[in-house]
2 protein chains.
Amino acid sequence: MSLPHAILTALLEKPSSGLELTRRFDKSIGYFWSATHQQIYRELGKLEQAGQIRALPAPVPVRGQRKEYEVLPAGRAELSAWVGGTEDPKPMRSALLLRMRAAAVVGSAGLRAELERHLSLHQGQLAEYLAIEERDFPAERRRSEPDRLRHLVLRGGVELERFWVEWLTAALAELGPEE
Amino acid sequence: MSLPHAILTALLEKPSSGLELTRRFDKSIGYFWSATHQQIYRELGKLEQAGQIRALPAPVPVRGQRKEYEVLPAGRAELSAWVGGTEDPKPMRSALLLRMRAAAVVGSAGLRAELERHLSLHQGQLAEYLAIEERDFPAERRRSEPDRLRHLVLRGGVELERFWVEWLTAALAELGPEE
DNA sequence: CCACCCATGTAACAAGTTACATGATTAC
DNA sequence: GTAATCATGTAACTTGTTACATGGGTGG
């Protein structure tokens, strides 16, 4: 049940239309909770019906017309309760680790190229996160709690990408030069 | 499309019944691709229909009777092709990072306790992985490729848990003593 | 006027989750 | 014989994905 809360968070940061939300998911919140525009529209409908958000009044509601949403008090309360709640970490799901396990059984033909590809993807993502960090969280100065929290989230992204880069590098070394 | 390949891998390692598979998922393959028994039975049915596995001949097939499956050549070929293929890494999904981002907006009340809870869960998982490593991959000796691959997978699990332990520790320090 | 992009959606499906149903076997 | 456990399954639902549909506005 995380998508609605992701949307509430995004809308509290800034009221938006569905498409704007989609774009922001593509380059910010979506870094740790991705969603397509179809999911977002579906969820916006549900949240509106639940009375947690509302569309800003438009003169004539027409299909294809931009609709801007804002969070209602009930929505903020719901999000606040969710933040204070508990939820067990979901076991990870990595198709790549699974493929390596399968390779132990049927042979690792073709695996090396894929590891190299993933390595370069993760290196790219890591560089992107580091650029964001440099831009949005410069210097070591006293910061507000919201800023510290946002920085912690970004640090999570950075360290996770670093993990993948290191693991993939080690895996390539261990696999040996030829396969 | 990873679950069928997880099952094929498990069945190649050892032909099993649905319930046995479920148990093995709970303590091995499931560490990086979890599944419930309902998912497994559903998928076994599909794989059998697709001619990739078969149930070992039973005298009289009755409901509630144990059914053991083995992989057919077509199944091994499919798994082999999948290992050699490509698949982009799925963007991560962490409800905990999302909650921290939400906390930056609505306040972090109650978050600290949850971080501590997750820290202890991840410490437990890390200890479990390290125990498995010590048991199954001792000493530094020349090993076969399958063993090296399996060890790499486990190293992935270890380092990922270590990431969480370190990030959670840093987050708790950054949040400060009281909240 | 038509191609293109903005914006909102529908429909169909696939994957994962939760709750429950049913028969077989074993321990007491 | 009955309770517990083993074992296989159904049903209903939620979440996520993929493909397509519809209308509005803008540039050429």
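Reader: What makes the area between chain B and chain A "buried"?
Author: Buried area is the accessible area, taken with a 1.4 Å probe, that two parts lose on being put together, summed over both. Chain B and chain A bury about 6,400 Å² between them in this predicted model, with 66% of that on carbon and sulfur atoms. In chain B, Phe32(B), Leu98(B) and Arg101(B) lose the most area to chain A, together 12% of what that side buries.

Reader: Good to know that it is predicted. How are the residues and chains labelled, and what do the values rest on?
Author: Residues are numbered from 1 along each chain as its sequence is written, while chains are lettered from A and ligands numbered from 1 in the order in which they are written. As this is a predicted model, local features need pLDDT of at least 70 and side-chain atom pairs count only at pLDDT 80 or more, while totals for chains, interfaces and linings use all residues; side-chain values use heavy atoms, with hydrogens and water left out.

Reader: How many residues does each chain bring to the contact?
Author: Chain B brings 68 residues and chain A brings 67. Contact here means heavy atoms within 4.5 Å.

Reader: Why is the pair Arg117(B) and Asp88(A) called a salt bridge?
Author: The term asks for a side-chain nitrogen of Lys or Arg within 4 Å of a carboxyl oxygen of Asp or Glu. The rule finds 6 salt bridges across the interface of chain B and chain A. Five helices of chain B each supply at least two residues of the side that touches chain A: α1 (3-13), α4 (73-84), α5 (95-106), α6 (111-136) and α7 (145-175). Of these, α7(B) gives the most, with 18 residues.

Reader: Which classes do the residues on that side of chain B fall into?
Author: There are 35 nonpolar, 17 polar and 16 charged residues on the side of chain B that touches chain A. Ala, Val, Leu, Ile, Met, Phe, Trp, Tyr, Cys and Pro count as nonpolar, Asp, Glu, Lys and Arg as charged, and the others, Gly among them, as polar.

Reader: What makes the link between Glu70(A) and Arg54(A) one between distant parts of the chain?
Author: Their side chains form a salt bridge at 2.7 Å, N to O. Glu70(A) sits in strand β3 (residues 68-71) and Arg54(A) in strand β2 (residues 53-55) of chain A, 16 residues apart. Both strands are DSSP runs (E, at least two residues; helices are H or I, at least four), numbered from the N terminus.

Reader: On to the DNA. What makes a residue "near" a strand?
Author: One of its heavy atoms must lie within 4 Å of the strand. Around DNA strand D there are 21 such residues, and Gln38(A), Leu19(B), His37(B), Tyr41(B) and Lys67(B) come nearest. DNA strand C is also surrounded by 21 residues, the closest being Leu19(A), Tyr41(A), Lys67(A), Gln38(B) and Arg42(B). Sugar and phosphate make up 58% of the atoms of DNA strand C that come within 4 Å of the protein.

Reader: Why does Gln38(A) count as being in polar contact with DNA strand D?
Author: A polar contact is a pair of N or O atoms within 3.5 Å; within protein, one must be able to donate a hydrogen and the other to accept it, and residues adjacent in sequence count only if both atoms are side-chain atoms. A side-chain N or O atom of Gln38(A) is 2.8 Å from a base nitrogen of DNA strand D, so the pair meets that limit. Phosphate oxygens of DNA strand D take part too, one of them 3.1 Å from a side-chain N or O atom of Gln39(A) and one 3.3 Å from a backbone N or O atom of Gly18(B).
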